[in-house]
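Hello,

Here is the structure I promised to send over.

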Amino acid sequence: MTWEVLSIIGTIAFAISGAIVAMEEEYDILGVYILGIVTAFGGGAVRNLLIGVPVSALWGQGMLFHVALLAMTLVYLFPQKMLPHWQRWGNFFDALGLSAFAIQGALYAVHMNHPLSAAIVAAVLTGSGGGIIRDVLAGRKPLVLREEIYAAWAILAGIAVGTGIANSPVGLYGLFVIVAALRILSYTYNWKLPNKSLKAEN
């Protein structure tokens with residue numbers, strides 16, 4: 001049940017996030033749906049390739065596709081004058097998607113009896129893979145490649161699930177709230193990881 005709820009939360013959040021980015025870039029309605037679907041399911045497809053789950057398993061998620069389409073349609077039909085307000089929530093939905101999908105990806109690896117390293121990789125790829133594809137298609141620098149803290153929170157989720165720290169429904173929901181909150185705090189207060197530039201100083 002926890003797995004299914006996290007899948008629904010992540011799908012809705014990333015589908016909305018992708019739709020908002022597409023509208024910010026002034027894509028047409030087809031672009032909105034494509035970017036939303038890619039954001040919601042791209043990370044899962046990459047994860048499946050790396051941990052041994054058939055990619056075709058995605059086609060068995062018909063209900064989630066319907067949920068994603070409904071979420072994107074509602075956002076697209078939202079009154080134009082209200083969209084600037086919704087655009088400010090783009091990072092919020094992205095944080096929810098990151099948290100939900102990172103935990104879901106780690107659960108996939110654990111249920112397949114993979115080691116901790118696989119749980120961490122699955123968490124990062126599921127949590128950020130769709131966002132990376134979305135940003136590349138939108139012509140933006142992917143969030144996960146910036147000094148802004150993003151994938152680090154997915155790593156935290158992978159460690160918590162892979163080590164068994166969070167293995168009950170209550171623990172997983174608590175982890176979901178913590179990871180989402182940390183992501184929200186990191187972009188709200190501009191937390192950054194150390195970076196080193198090779199550009200010559202003027």
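Predicted model: local features only at pLDDT ≥ 70, side-chain atom pairs only at ≥ 80, totals over all residues.

On the α5 side, the residues involved are D94, L98, F101, A102, Q104, G105, A106, A109 and V110. They meet A118, A119, A122, A123, T126, G127, S128 and R134 of α6. By class, this contact is made up of ten nonpolar, five polar and two charged residues.

If you want to find the pair on your screen, α5 covers residues 90–111 and α6 covers residues 116–137. Two packed helices are described by the angle between their axes and the distance between the axes. Here the axes come within 7 Å and cross at roughly 145°, and the crossing is right-handed.

Helix α5 also packs against α7, which spans residues 151–162. The axes of α5 and α7 come within 9 Å, with a crossing angle of roughly 35°, and this crossing is right-handed. From α5, the contact uses L98, A102, I103, A106, L107 and V110. From α7, W153, A154, A157, G158, V161 and G162 take part. The residues of the α5–α7 contact are ten nonpolar and two polar, with no charged ones. You will find L98, A102, A106 and V110 of α5 in the list for α6 and in the list for α7.

Next, the empty spaces. Rolling a probe the size of a water molecule over the atoms shows where empty space is left. How many cavities of 30 Å³ or more does the structure hold? There is one, and the largest cavity has about 80 Å³ of space in it. Its lining consists of T11, A40, F41, G44, R47, L58, Q61, L64, F101, Q104, Y108 and T126. The elements that contribute two or more residues to this lining are α2, residues 29–51, and α5. Helix α2 gives the largest share, with four residues. Six of the lining residues are nonpolar, five are polar and one is charged.

The largest pocket has a volume of about 220 Å³. Among the 14 residues that line the largest pocket, V21, G90, N91, R140 and L143 are the closest to its centre. Two or more lining residues come from each of α1 (2–24), α5 and α6, and α1 provides the largest share, four residues. The lining of the largest pocket has seven charged residues, along with four polar and three nonpolar ones.

I16 is in helix α1. Is I16 buried or exposed? With a relative accessible area of 7%, I16 is buried, because buried means under 20%. The C-alpha atoms of I16 and L50 are separated by 26 Å, and these two residues are 34 apart along the chain.

V75 sits in helix α3, residues 62–76. Its relative accessibility is 4%, so V75 counts as buried as well. From C-alpha to C-alpha, V75 and G62 are 20 Å apart in space, and they are 13 residues apart in sequence.

Happy browsing, and write back whenever you like.

Best wishes

Methods
Residues numbered from 1 in each chain as written. Heavy atoms only, no water. Axes fitted to C-alpha atoms, helices over the stretch in contact; angles between N-to-C directions. Left-handed = near helix turned anticlockwise from the far one by under 90°. Contact = heavy atoms within 4.5 Å. Nonpolar A, V, L, I, M, F, W, Y, C, P; charged D, E, K, R; others polar. 1 Å grid on protein atoms, 1.4 Å probe; cavity = no way out; pocket = protein on both sides within 12 Å on 5 of 7 lines; lining within 4 Å. Points joined across faces, edges and corners; volume = space filled by probe spheres on them. Buried < 20%, exposed > 50% of the residue type's maximum accessible area, 1.4 Å probe, protein only.
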